[in-house]
Amino acid sequence: MTIKEVAKLAGVSPAAVSRYLNGGSISEEKKERVRRAIDETGYRPNPMAQTMRTGRTDQIGVIVPRIYSDSVSQIISGATQKLAEHNYMPILGCTDHSIKKEVEYLYIMQEKQVSGIILMGTMLTPENTEAIRNCKVPVVITGQNYEGFPCVCHDDFHAVCDLTRLMIEKGRRRIVMIGAPEGDIAVGLNRRRGAEQALLDAGLDASSMLYEVSTFDAKGGREAMNRLLQKCPDLDGVVCATDTMAMGAMAALKEAGKKIPEDVSIVGVGDSWVDEVSIPSLTTAHLFFRQCGEEAAALMLDMINGGIEDMDMRTIRLRYMIMDRNSV
């Protein structure tokens, strides 16, 4: 089968079939006719011919900081499903939080002729900023709001502000925080500022809030919690930048003989599956990670097909939900 034969069967132009296959603009009525024709004939585009014609493959690079993460897996799942609807396949690269590896993947994926790259942002440095700006294919960033680049991000500031306010309403006053490196603007800086804003709004001294930086795992959360307990044994509230950090912090609190939530309230961010089965279940902010992946993929398809003007200024900020469980 050829694209012309599919077009003839569907009663549309070959250009309409091409737009359908590449995620371009096409009416719902024509889209359904093309879909039926493809289903009937089993037509599949010739990937080698497409590459020779366009200089691009039907592959999208996806660069992630780690793969052992519930949030990362949800973003990948959402992006993969959306890309598959338009016959694109993701190619995964894991940086292990290395900016050097991130830059290498940006160049390697372009050499492999991917049609675009979805980058899960962590820290923006001069090195990777230059690499992103020099990309010859569309790049969409998730999880961060980097000025001058198309991004899909979360409202980290207000999510943590609301969580901290919830603890204050429960009477907590000696609140500490386990955070991420502030080079990570979203998870490190914005979430810390959210907690500080809630303290300020309540008339408390935000500058006196004890703060410990953790790695992005339960072990880091546990170690940071132990350091905070040494500095402030009578603390009564803990804000954690991620749910994984919170799991480690909860273990440290229990080892120290602290009851949750009777003695100490604790919150996280993300809403991982483990939050509902932990004892007690964790109060957290639900971030729409799967939707983040879907939106990033949709944005990428629009860029590939030239559907949106001034795309480099496009930012999508997703909502959040406070999941008030049993740890506050």
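Helices α5, α9 (185–201) and α11 (243–255), together with strand β9 (265–270), each supply at least two residues of the lining of the largest pocket. Helices (H or I, at least four residues) and strands (E, at least two) are DSSP runs, numbered from the N terminus. The largest share of this lining, four residues, comes from α5. The model is predicted, and local features need pLDDT of at least 70, side-chain atom pairs count only at pLDDT 80 or more, and totals for chains, interfaces and linings use all residues. Residues are numbered from 1 along each chain as its sequence is written, and side-chain values use heavy atoms, with hydrogens and water left out.

The largest pocket has a volume of about 640 Å³. Its lining comprises 34 residues, and R66, S69, S71, V72 and F289 lie nearest the centre. A pocket here is an open set of points on a 1 Å grid over the protein atoms alone, where a 1.4 Å probe fits, with protein on both sides within 12 Å along at least five of seven lines; lining residues have an atom within 4 Å of a point. The volume is the space filled by probe spheres set on the points.

Strand β9 also contains G268. This glycine is buried, with a relative accessible area of 0%; buried means under 20% relative accessible area, exposed over 50%, and partly exposed in between (1.4 Å probe, protein chains only). The C-alpha atoms of G268 and I99 are separated by 26 Å, the two residues being 169 apart along the chain.

I67 is located in the loop between β1 (59–64) and α5 (70–84). I67 is exposed, at 53% relative accessible area. Together with Y68 and L92, I67 forms a nonpolar surface patch with about 360 Å² of accessible area. Such a patch is made of residues with over 30% relative accessible area and no salt bridge, nonpolar side chains (Val, Leu, Ile, Met, Phe, Trp, Tyr) being joined within 5 Å. A salt bridge is a side-chain nitrogen of Lys or Arg within 4 Å of a carboxyl oxygen of Asp or Glu.

The whole structure contains zero disulfides, a disulfide being a pair of cysteine sulfur atoms within 2.5 Å. The cysteine sulfur closest to that of C161 belongs to C240 and is 17 Å away, too far for a bond. C161 is buried at 3% relative accessibility. For C292, the closest cysteine sulfur is in C153, at 8.2 Å, which is also too far for a bond. C292 is buried at 0% relative accessibility.

Overall, the protein has 13 helices and twelve strands. Its C-alpha trace spans about 75 × 40 × 30 Å along the principal axes, and buried residues make up 50% of the 328 residues.

Methods:
Patches are made of residues with over 30% relative accessible area and no salt bridge: like charges are joined within 9 Å, nonpolar side chains (Val, Leu, Ile, Met, Phe, Trp, Tyr) within 5 Å. Accessible areas come from the Shrake-Rupley method with a 1.4 Å probe; for residues, only the protein chains shown count as cover.
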